[in-house]
Amino acid sequence: MAQFTIKVPLPPLVPTERAAWSIAALAPVAVVIGALSPQYWVIAPILAVALIALIILDGVMAGQVEQWHIIAPADTEVGQQTALDVHARFLRGGGRSHEAALEFDPRLGADGCAVIKLLPSDVPNEFSGTESVYPTRRGTAPITRGWLRWRGPLGLGARQQAKEFAEHEVRIWPDLSPVRSKELQTFLKDAQNGLIARRIRGEGTQFEALTEYEPGMDRRRIDWRASARHIALYARENESERNNQIVFAFDCGQAMCEPVDGLPRIDRAVSAALTCAYVALKSGDKAALFGFAQSPQVMTPFVSDSRAFHRLQSAAAALDYEPAEPNFTLALATLTSKLRRRSLIVLFSDFTDPTAAELMVESMGRLVKKHLLLFVTIQDSELETFIEEEPGDIATLARSVTADTLLQQRRIVLQRLRQMGIDVIEAPYDKLGYELIDRYYAIKNSEAIG
């Protein structure tokens, strides 16, 4: 957690909103006095001077701040709740209605600012407050400026201090909450204890050992030559192949920068990919990341140990957002040239119409000749919402028809990919990671990678 302390000798005095309304209320009073009793016109300036003096006195009674500081985490994850704390200590009383305002990079929060109300703490003359923000994009988000303001007893005058922060930054990483989830950890714990390993054992093609045949076993596993030598029935125990190469490829172009429930599609894809990569490393396979837009961005070496998972996380954090159409031809040709053996390539991408998807389909057709390809896209729930909407007027009807046309075109493109031998996953963003893990195990157990 980073902490920035600000010591202030004497903050400037500013009028409050209540003071502004009070001054505005004097104008009609002065008009009434001038109209009814012109000889008493001096009363209005006296009232104005008295009010100004009261504002100044109230501001002086607000007291001085001894120091105040901001506490923010040095690291957080995209889409996850992030707390920003402000603590202030006053020389005396400290007036009332204490609040602070922070200005920061929009990556850290949608509005790029936060207003924090400070409340008294257990320590006399100390106040603190917390505001939660939700980072919307990966990267480094600096907190640039802050303001502290507190009012006098009457609420007419206030003290305010502004400060610029030189080196106060929050690093925003990919969301790893699915990796830390209880469901996934329980799943991996069972796998490590052998429950899943025993299920996988016997389904692969890589020979592991011979065991005596028992009733209930699959008869196709009987090794007749070994049974003849031992004059007893023996069955082969096979094991799923390990050390497979899995590449998670990300389209970082315009379509993947579009938000889904507040976060860009690319961040939803990164979270699902890292979850599956963690499971793959635990299963004995290798994983690498590849990102591209108009040109390749990131290509990591293959990681084979779950203890090196942080390397994948760091590489995923470096994937940039590019509001431009991706170059699939260049990207997938570059990826193919770097792979020396048959691999499972998990491609995360999206498209808006068949014309935009044509180059993608053509490039994937060349890639599937050498590697096993899995295409992953996030289900477009917005189109389905438009289709189900009641056609109350012409505009709604036209939107519904257009959405239905786009959805049909989308299904045609996905069907073309399936006919080319490319496996396809289309799922809601919150189920994407689990769908990907299930498909990974299905492919792994079928020995289709090696």
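**Helix packing, a surface patch and a salt bridge**

The model is a predicted one.

Q: What makes the contact of H11 with H13?
A: H11 brings Pro354, Ala357, Glu358, Val361 and Met364. H13 brings Gln409, Val413, Arg416 and Leu417. By class, six residues are nonpolar, one is polar and two are charged.

Q: What makes the nonpolar patch on the surface?
A: Val29, Val42, Ile43, Ile46 and Leu47 form the patch. Together they have about 370 Å² of accessible area. Helix H2 (residues 43-61) gives the most, with three residues. Ile43 is found in H2.

Q: Why is the pair of Asp75 and Arg171 called a salt bridge?
A: The closest N and O atoms of Asp75 and Arg171 are 2.8 Å apart. The cut-off is 4 Å, so the pair counts as a salt bridge. The structure holds 13 salt bridges.

Q: Which parts of the chain does the pair link?
A: Asp75 is in strand S4 (residues 75-77). Arg171 is in strand S12 (residues 169-173).

How values were computed: Residues are numbered from 1 along each chain as its sequence is written. This is a predicted model: local features need pLDDT of at least 70, side-chain atom pairs count only at pLDDT 80 or more; totals for chains, interfaces and linings use all residues. Side-chain values use heavy atoms; hydrogens and water are left out. Contact means heavy atoms within 4.5 Å. Helices (H or I, at least four residues) and strands (E, at least two) are DSSP runs, numbered from the N terminus. Ala, Val, Leu, Ile, Met, Phe, Trp, Tyr, Cys and Pro count as nonpolar, Asp, Glu, Lys and Arg as charged, and the others, Gly among them, as polar. Patches are made of residues with over 30% relative accessible area and no salt bridge: like charges are joined within 9 Å, nonpolar side chains (Val, Leu, Ile, Met, Phe, Trp, Tyr) within 5 Å. Accessible areas come from the Shrake-Rupley method with a 1.4 Å probe; for residues, only the protein chains shown count as cover. A salt bridge is a side-chain nitrogen of Lys or Arg within 4 Å of a carboxyl oxygen of Asp or Glu.
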